[in-house]
2 protein chains.
Amino acid sequence: MPKPAPTATPSRPCPPGAAKPAAPAKARATIADVALAAQVSKATVSRYLNGRTDILTPDMAKRVQEAIASLQYRPSPMAQALKHGRTRLIGLAVADVTNPFSVAVLQGAEKACQAAGYLLVLFNLGNEAGRERDAMHALSAYQLDGMILNRVDTSAQLWQDAQLHGKPIVLVDRFQEGLDADFVTVDNPGVVQIAMDHLQQQGFDEVLLVTEPIADVSSRTARQQAFARYIQSQAPTMQGSVWESTADGASALQQHLQHWQQQAQQAGRRPAVLAGNAVASLRVATAVHALGWVPGRELGIIGVDETDWAALVGPGLSTVAQPTDALGQAAATCLIERIQGLQSPARTVELPGTIIVRGSTKSPSN
Amino acid sequence: MPKPAPTATPSRPCPPGAAKPAAPAKARATIADVALAAQVSKATVSRYLNGRTDILTPDMAKRVQEAIASLQYRPSPMAQALKHGRTRLIGLAVADVTNPFSVAVLQGAEKACQAAGYLLVLFNLGNEAGRERDAMHALSAYQLDGMILNRVDTSAQLWQDAQLHGKPIVLVDRFQEGLDADFVTVDNPGVVQIAMDHLQQQGFDEVLLVTEPIADVSSRTARQQAFARYIQSQAPTMQGSVWESTADGASALQQHLQHWQQQAQQAGRRPAVLAGNAVASLRVATAVHALGWVPGRELGIIGVDETDWAALVGPGLSTVAQPTDALGQAAATCLIERIQGLQSPARTVELPGTIIVRGSTKSPSN
DNA sequence: TTGTAAGCGTTATCAT
DNA sequence: ATGATAACGCTTACAA
């Protein structure tokens, strides 16, 4: 006599009087339950679910539909996956959730996935190469339908695993040589061009590119190369140099900045820093702050990636914003197309950046 | 004659002599493949996998182990889930990924999950109540083993769904009245106490609490109540007031700040803002910036939640940091314990915050 | 100690 | 048009 259920008490705020402490939580309804309730076969229910309503007697359809409603039935994606290998799960592996760029892309991807009825599974690689392996394992183990990938270590080649099981992959922001996958990225040369044009226009002629370690990260390489090329071919009077900044290199960066700025001024040049991404921007801003400088006064600053706080430091930090939302959406869309069978050769989607001018690059003459 | 199995060729690396050009990406090895290769039954393989090595002949164990290795076999979590209902998947639903607090908690949770062999599935609710439903549906549909929840809308009660299927839930940061679930949170009264003590010590006696709309969010309520109580009982000479700030209320906030500050000064009081979380801090900092003020000069500022940029604005923003990583880990740990069958009554884990003093609350007399 | 077989919730191939 | 029935990859009584 587990539950007499007196009709007099409809609202039961969890009465503590039960003998068995926890009711075993009745299981989800299955297709068999529906079939039983509707007095039809499982096959019929399945057909109804898969939209084959054209070959169903209205009567049957109605019965099934009612049974489904009354039982609150929802098909089990796991069981479906077991059958035909598709889970409607998409993996998104980001190098570092801490980077606002990753989060912004995530949001874009989320939209597209949601719209297409896919669920997004996040893998935060935390910049550790090892976790990338785990993510790829999960891709095949959990039968994810595909993966959006922001690679941590472009040198390693663990593609075998993934490719072998025929799961499509889309690369974001970081390209992988020799992998047959769509690639979604901001137009890196364009971004650098925009930033440099602006700096030049504002009269800066000594530019330091501060970037996270370039290593094998394609986006960093692309920006660095565009930077070098720009100075060489479009700004012969400019001086350019590069500083690779690491997490524990705060004081080194600060010292270098001080030196470099001093030299520039002594040479009668106007110095500006171009930060390669949001992380670099934060480091530069921190160093500048520590030196007691004001962005736009001792030096110009412009950073790739718009951030929450860009407007708040000093007179505001100029930035070149990436179209993060569009990048995320494009990546997800590409992937979903592949999942749905698209067979065209690997595509590259390249989206433009947008400059946001603030006080840190105002020419002092103004 | 499915398998003559010539003992001479134990290892067959997929000879490329097939007629069909593009290999359809050979499927993952299954337990049957392993059984076949090892010349044992599927049951034996299963037993090996489940650690029942004690009842296995060393010989068998070795054969199985070799077959697994050579086939690169990994059991399918989906199939396992179908069998016994556990997926080793944990859901984490955060109100808003854009909030650094959420990301920080995510990282903590990730650690604990990874350590225990669980995969974390992220649901970004984007502050939309509707998406919470979706997340709960996914919880049962994908048979996630449990869910860590940072509720968006505490007024709605969609608990039926989840509870019914007996999946454990852990609440983070936001409490849900009448739900039998563990709850992990920072010590909100303590956080407010720390902040207010500091303000009082620095000679501020007119404090404005700027918070996101309190509505039904327990953490905001808790902070607000602690704020009111503090002033009433521990700082009789202090004046306190509250401002609820919304995303589109930037100019309203700015105006109010201006008014309020003016009044305070005219009354000979020293004004300070206590921002209720990182989002509120950003809004306050933005308004202050727009007014041309400097934190610590026209007013004191202290915010709950440490952020990347706190050190950078003006002389630095004082904050009370939440132990985000520990919160995430605690939440995941609690959940995993529940998943593994722990039956104790709902627990509350309350972790202390830590003050970080910067220029925005330095008393001008110093 | 090991193998056989049933079943988890679906879908798909047959008959009917 | 509908219903048995056999998979999908795995675990687990139950037999041997």
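Modeller: Residues are numbered from 1 along each chain as written, and chains are lettered from A in the order in which they are written. In this predicted model, local features need pLDDT of at least 70 and side-chain atom pairs pLDDT 80 or more, while totals for chains, interfaces and linings use all residues, and side-chain values use heavy atoms, without hydrogens and water.

Biologist: Why is His198(A) called buried?

Modeller: Buried means under 20% relative accessible area, with exposed over 50% and partly exposed in between (1.4 Å probe, protein chains only). His198(A) has 8%, so the residue is buried.

Biologist: What makes the pair His198(A) and Thr361(A) a polar contact?

Modeller: The term asks for a pair of N or O atoms within 3.5 Å; within protein, one must be able to donate a hydrogen and the other to accept it, and residues adjacent in sequence count only if both atoms are side-chain atoms. These two side chains are joined at 2.7 Å.

Biologist: Which residues does His198(A) touch, leaving out those up to four places away in sequence?

Modeller: With contact meaning heavy atoms within 4.5 Å, they are Ile302(A), Ser318(A), Ile355(A), Val357(A) and Thr361(A).

Biologist: What part of DNA strand C does Thr57(B) reach?

Modeller: A phosphate oxygen, 2.5 Å from a polar side-chain atom of Thr57(B). Ser41(B) also lies by a phosphate oxygen, at 3.1 Å, through a backbone N or O atom.
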